[in-house]
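Dear colleague,

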Amino acid sequence: MCGGSDSPPVDTYAQDRQIALMRQLEADWGSRFKPIEEGLVNEIMNRDNVIRRNVYESGKEAKASYDATKDMAERNMASYGTQMDKDQQEAMERSDAMAGQGAVISARNMARDSSISRLEQQQGGMVSLGRGVQQLGISGFNQAAAMEAARNNQNQQIYGQHQSSGWQTLGGIAGMAGMLLS
């Protein structure tokens, strides 16, 4: 009786539910958010390539847009019967070339600035997200550790009570035996 190690069944329902919920959240994150996170991290890690690609694409789009606008203006001039001599034509072509290059340069600069800003915001967001996940994980571990410590403490108390009860019973038996022998 005094040396027994009979311990009552441990109630782990809350811990089991918490573990199941954490596993469900982990699976949900892995299927929905991890691919997005990996894409964002890849963009951040390949920052220079992303900026170059955005600058190149914006330059192409600005040139195409400017050419379409120039063609529209030429059609309007032709529809009104406007005629230019050779000097006027050359001056207009120089002006168009400079304006076209200006549009491309402006679009590329804006794309560079907006890409840098977006990537910096992404990086800050990823750091904040990582810190939040870290804190959530630490909090979950702390809760599980506290529950485990409480359970261990309770088991120690139960064990101590069993030991004390066993020694009291043994002492009572010894006392009764002493009384019988005297």
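Buried means under 20% relative accessible area, exposed over 50%, and partly exposed in between (1.4 Å probe, protein chains only). The model is predicted: local features need pLDDT of at least 70, side-chain atom pairs count only at pLDDT 80 or more, and totals for chains, interfaces and linings use all residues. Residues are numbered from 1 along each chain as its sequence is written, and side-chain values use heavy atoms, with hydrogens and water left out.

A search of the whole structure gives 7 salt bridges, each being a side-chain nitrogen of Lys or Arg within 4 Å of a carboxyl oxygen of Asp or Glu. One of them joins aspartate 28 to arginine 32, with 2.9 Å between the closest N and O atoms. Both residues lie in helix 1 (residues 13-45), 4 residues apart; helices are DSSP runs (H or I, at least four residues) numbered from the N terminus. Aspartate 28 is partly exposed at 29% relative accessibility, as is arginine 32 at 48%.

Another salt bridge pairs glutamate 120 with arginine 47 (3.6 Å, N to O). Glutamate 120 belongs to helix 3 and arginine 47 to helix 2, so this pair ties together parts 73 residues apart in sequence.

Beyond its neighbours within four places in sequence, valine 55 is in contact (heavy atoms within 4.5 Å) with Arg108, Ala111 and Arg112.

Yours sincerely

Technical notes: Helix = DSSP H or I, 4+ residues; strand = E, 2+ residues; numbered from the N terminus.
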